[in-house]
Each structure stands twice: as C-alpha cells, then as structure tokens.
Amino acid sequence: MIYPAAFENKVGFDKIRSLINEACISDMGKEYASRIKFSSRPGLIQQWIDQTIEFQNFLESGESFPISYYFDLRNELSRLVTQGSFIEQEKLFELYLSLNVIKTILSLFKKEEETIYPELSKLAHRHEFPEDIYNKIEKILDRKGKIKDKASEKLSKIRTQLNTLQKKVLNETQKVFKVAKESGWTAENSEISIRNGRLVIPMKAAYKRSIQGFTHDESSSGQTLFIEPIKSFEINNEILELENLERREIIKILTQFTDYTRPYIEELKNLYRYLGMIDFIRAKAIFSKKIKAKKPEIVNQPIIKLKGAFHPVLYLNHLKREKEVVPLDMELNIENRILIISGPNAGGKSVCLKTSAILQYMFQCGLPVPASADSKFSFFDRIFIDIGDEQSIENDLSTYSSHLKNMKFFIQHANSKTIFFIDEFGTGTEPQLGGAIAEASLEKLAQKQAFGVITTHYSNLKTAADKLPGLINGAMLFDAEALQPLYILKTGQPGSSFTFEIAKKTGFPKDVLNRAKKKINTSHLRFDNQLQQLEADKIALEKERAYLKKQQLEIQKTKEKYNQLNEELLTQKNQIISDAQQKAISIINKSNKEIEKTIREIKESKAKKEITQNSRKNLLKVKEDLETGLKKKPEYNQDISKIKEKYNKPEIFSSEPVKPGDFVLIKSTKSIGKLLSLKGNIGEVEINGMRLQINQNNLEKTLRKPKPSTQSRNYSSILDSINEKASQFNLSLDVRGMRADEAMEKVTRYIEDAVVLGAKEVSILHGKGYGILRQIIRDYLTTRPEIKSFGDAPVELGGAGITRIYFY
C-alpha cells in the first residue's frame, strides 16, 4: 500500500522513472519503465535487483551489445492472425532485423554459465529462437530488404524477362536519341530523361513530329517536349504487364510466409516482450551505473541500515554543478523503530527524510540503491509519507487539516509491516496544541510497532524518545562557530534549532533578540544550550579521533619505511662483501699468473741481465696496478646515502585540500609546482616557468618547495622535450601481439605523454582475443586520476578491440 497517490512526486521518484525512460531504446522498454511499481514480494524484488546488477556487470565487461533495430512488431503480428492477411515487405524486413537482434541477445546470455549472469540466463532460457522462420525470411529478403529473385521460381523467370525487356527499351531509346541528336532535333546538351517511369527523349518543339512516339511532358516554356519512341512504348507496355505479375507473385510469397508463421505468432510476440524487458533492464543498469547504485544486503527481519547513502536526484544535480553530496548513515531496527530528527532549518533534515524514503521505495521497486554494499534493507507492506503543503481549495483543506487527514490515515492503517515518513511533524497550528496532537499520534504509531522517520523542532517530541520504547533521537550536526550546517546525521541525541544564533548571524536586531530571550522559558534555553554543548563536544571528539587515527597511520608508514631501509642496507652489505671477495680472488689469480710468467721468462733467457730487469719492472707495474685497484672505492648500483635520503625524508605532504598559492605535488609525474588558480576540478599549476592545466584529483598539497635553480636551467630543455613529444605523439597506440608486461610499459609511457601534452582523447588498440590484455590495460586506467572515462570504441570503428580514453 502506497499513501498518498502523489508519493513518487514527493520523494522525487518521478524523476528517476523519467531518467530510466530516457535510457530505453524502444517504446517496449519505455512501457516497462512506466509500469515500475512498489512490491512487497521478496523473491520478485531480489530477482529484479539481480537482473539489473548482472546487466551492469555485463556492460562493465566491455562486451558488445546490439542497440539498434528494436522494432515493436506486436501490433503487426496481431493483425496477421486474420486468415488471408499477409505481412508487408517493409514490416517483413523489420521483423528480420529485430529477430536478428533477439537472436544475438539470446545467444549472449544462453552461452554464459549460470554462475556469471544467472538471472539473465534464466530469462533467456525461457525463450526459443524460431530458426526456421528466420531462415525463411533470409531466403525471401536480401540484406537491403528487397525480395530476392530466387524467392520463387516464377519470380525468377518474371524478373529475367523484365531485365531483358528493360535493356531492350534502353537500346531502342538510345538508337532514336542518337538519330535525333545527329539531326539537331534535340538541344545540344540534352540527355535521355525519365517521365512517368518511362525513358523519354527531350525534343525541340519544332521537330516533335520527326519521330513516332507519345508525348509524356513538356518544359515550362513549351520549347521542349519529352517523347517516348513508339517501339519503346510497346515494349514498356509488356514491362507493365510483367510488373503486375511480379507484384502478384510477391504478394503470393508474403502470403505463404504469413500462413506458415501464423501458428507461431504468440511465441513471436513473447520474444518482443523479452526484447522490451531486456531494453528496460539495460536502461535500469545504465541509470544505476550513473548514480553508483549497488545491491544492498537483503535481510528478512525489519531493518533499514543506510551507509554512505545519498538521494539519487540530488547527487545528479550536484554532479552537474561539481558539488559534493554528504553521504547519509542511518539505522532503524527492532529496538529503535522510529527516528526523530531535529536540528536547524536548512540543516538537511528534510533531505535526510526524503533520502531514506526514496531509497526504501527504489529497493522495493527492484532497483539497486545509491548506498554502500553493506547497507541493509528489508521489506515493508505499506509505505506512507506526509511532506510539503497539501492545501486544497477544491476540498476546502488548510495545510494543517491536510496533515491531520494524513495522520488519521496513518493511525488507521499502520501496522508492524509499515514504514512512514513525516516532515515537520505537528506544524501548521498553535505550537503547544499541535505538539500535543503530534506526540499523541506518535505514541499510537509506536504502539502499532510501525517503523518511521520524522523531523521536528518541537521539544516535547524530542523528549518523547526518552519516554517511549522504540524511539530514538537524531541530530543534524551544526558548526556552532561558523554557524554552518554540516549535513551529518548523528543518532542518540536530539538536535538544537540554533534559532537565536542563526537570527543573530542574519543581522536580526539585537534588542528584539534580547527581548525574545526574556520571553522564552529559561529551562528551554538551558535545554537548548545543553544540546549545543553536546553537539560541540561530539564534533571535537570526532576530530580528535580522526587526528589520532592519522597519527597512527603515519607511525605505521614510518615503521614500514625503516623496515624497508633496513632490508635494502642488508642487501647492499651482502653485495659489498660478495664484490670484495670476488675482487680478492681476481687479484690473487692475476698475481699468480704474473709471477709464473716472470719465472718462465727468466728461465727461458737463462737469466740474461737485461731481460731479468725488464721482467722485474713488469712485475713492479702489476704490483702498483693491484695496489691502485685495492685503494679505489668500489662502485655500486645505488649510493647508500641516496637510500637514506629516500626513506629519511620528513613527511612533506598535507591532507588539507589544495588552494591557490599552495605548493603541490603532481601525483602522476612526481613534479612540484605552485597552484595559481582552481576553477572547478581543474587547477592551473606553474612548474619551472610553465603553466599546466591539471585535474584536482592529481594534486596533493606539499610543504616542499621546488628548487629555484632548476627553473631557468630546465625551462628550455623541458620546452624542447615537450615540443619533440608533441610532434611525434600519435592519438592511437597499437599494442596487439605484445606480452602483457611489454604492453603495459608502452601504455604507461603513452598515458604519461598524453597527460603532459594535454590530450583530450586517445585510443589504445589491443584487439579482442580473450580480453586479458584489455582487462589489464583498463585496470591500470582506473588508477589514473587524470582520466575522466574510458570504454569501447563504436562498433564500426573497432568496438571492444579498442579502448577509447577521455581526459579531464
């Protein structure tokens, strides 16, 4: 049960329905979109959500999917039920094209194992493709939708005769035209023309009797007549008869096909319902991907647990304006069934209520929800809402009367399987009396074990949570110093309205405010102040906890750095010892060889003085070389001081958001520059005298400044390097046939160059194969913050074999 009838408009679901409708390809899919409805059947809801999630996964897999020729032939098929009727040639071609689409879709989901797309596979296996009907159409029509000559033996003969006669007409007309041209009966630049489907010769009016024939037309000036030669006329009459025979034969062929198809019309109509359903599921998947929707955890016991949730329409609106949406965390369960949200105006109470309402409604309409996957949802039989101004001139209802009417309905129809949403509970009349009626109504709804979310400013409703079982307070947090809402819901305590503080900030007259404070019950002021203090303390504790968590992470990082440093130093130590041992062995071997050589020379010369002296000098030189080699410092692959410098750097990064004037690190290139300006998500960064446009996601605030000496020295070389890269840069990269590591090395360098050169769109040609190389490349692309999106190229340009990349 849904109440009121305008529920969808109140929570914004009408816009969701419209967006899904827009994503549909066909009217068949749009019909299903118009019939989205609330359900309380668990099995059906789970099936709908699983179908959408599976199709979302299919789209993300990159596999091609047909999106054309979604013709709806259900009405045409219904017409063909009548005996003697036949399908039109144009409709037969549409039947062929759309059956081809259905065949492709069925084969896609029937060939997959049930573990990949189980629900879509079940849906496909309910239908059998009519191969015999499809094959019959292929025998009748060619690829352009024309009836084939061989569609029947008789048609083939007729068209052969037609072809012969048409050639004969052309030959006869050309003969006469040649004579007329040579005789000067036609204009100098005239050619054979067509009038009323007949070949005619444009004759000068003065020579119209020079050839025998029939005049079909004349020029506007009357100077030229279009005449069909008599012989051509006679042949054309034969052609006309043959064309009539051809039409009758085509009708006979179409009638025979229709008669064959008639027993299978209901099966064919079911296939078109399937096509519409697939179109609808695809549209839901596209919309779900757009709002980052996920399948939540589905439980049987009544519970709603929202984590990282947001209103889909609000999210899309903020996305267009490059604004962030603060996610909502909220929980209702058996112990805390009704949440009473309080807080300042424009603090997010109504958004919180609408978000929880639309997400529950989306879930029970079989749509994935924009929330964390560990959110929990269960099923309710009834969903009610009271929000906005329901004044009705026709029914003579005031705003408060309409609220009372809604409350009456809620109380009469609520039960333990009901969830309700009430905005600004009790407003519209004298506060004390309205608050009393609201509190009594709340007690009744609590007794009925109903679940709900309400927003209010009334203190008696805030205190009711301490008195009534199943109720819990919630506060929309507020920055008391800046007097700005934080749009964060915290349960367990009521919120303050910050009435006087907000009035003071708006410049409301101080004397009026002071007079108002004197008129307020002092106990109410103390209560409001206590609420303020509780909120302030809570925010401070949250900040302290976040700071401590950050410190713990930094300590862990430092520990990991020193462990890694220790490992590298041990590796270097072992390498030094190994090198020294090898060198010592080499020295000994060399010394032994020189000594043996010297002894041999002395023996062979029989101790001649001159040779002995030379051998001694050579031996001394070898000794000096060896001593020099020992004194020389060994060269290693990496200087230990550089290792220390690498790991002993002080923490130079800041978690604060970047702003103009900050020094920033460009994550992708590890370069440091100065942020000059920030427009939306694009920052202008100066590096070595150059100004680059960099996405904000690729920037991190740093305390380190770039070395000034590098600017003048490196500017020219950097500029030359960029100019050289720009001249050689290609907008596509071909990595087909490469090993994964080889391909990734090229892709990494290619993306780096594209970022530096400010490319907006590039393509990587990896081929289809088993899709492994494509998946590796796309996994890498998801790590690059400069990339806005990527996906398959259009089918006609390579489809799944090419990944097209778009940069910010």
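**Cysteines, sheet and aromatic pairs in a predicted model**

C24 counts as buried because its relative accessibility is 7%, and C352 counts as buried at 4%. Here buried means under 20% relative accessible area, exposed over 50%, and partly exposed in between, with a 1.4 Å probe and protein chains only.

The model is predicted, so that local features need pLDDT of at least 70 and side-chain atom pairs count only at pLDDT 80 or more, while totals for chains, interfaces and linings use all residues. Residues are numbered from 1 along each chain as its sequence is written, and side-chain values use heavy atoms, with hydrogens and water left out.

An open sheet is formed by 4 strands in the order β2-β3-β5-β4, with antiparallel pairing. β2 (193-195) and β4 (213-218) are at the edges and have a single partner strand each, so one side of each is left without a neighbour in the sheet. On average, neighbouring strands of this sheet are turned by 50° against each other, direction ignored. Strands (E, at least two residues) and helices (H or I, at least four) are DSSP runs numbered from the N terminus, and two strands pair if DSSP finds at least two bridges between them. β2 and β3 (residues 198-204) run antiparallel and are joined by 3 bridges; in β3, L199 is the bridge partner of I194.

Helix α9 (residues 153-183) packs on the sheet and touches β3 and β5 (224-229), its direction making about 5° with that of β3. Helix α10 (residues 230-261) lies across β3, β4 and β5 and runs at about 60° to β5. Contact means heavy atoms within 4.5 Å. Axes are lines fitted to C-alpha atoms, for helices over the stretch in contact, and angles run from 0 to 180 degrees between N-to-C directions.

The structure holds 26 aromatic pairs. One of them, Y3 with F410, is edge-to-face, at 6.2 Å centre to centre and 85° between the planes. Rings of Phe, Tyr and Trp (its six-membered ring) pair if their centres lie within 6.5 Å; planes under 30 degrees apart count as stacked, over 60 as edge-to-face and the rest as tilted. Y3 and F410 are both buried. Ring pairs also link Y3, F384, F409, F410 and F420 into a cluster.
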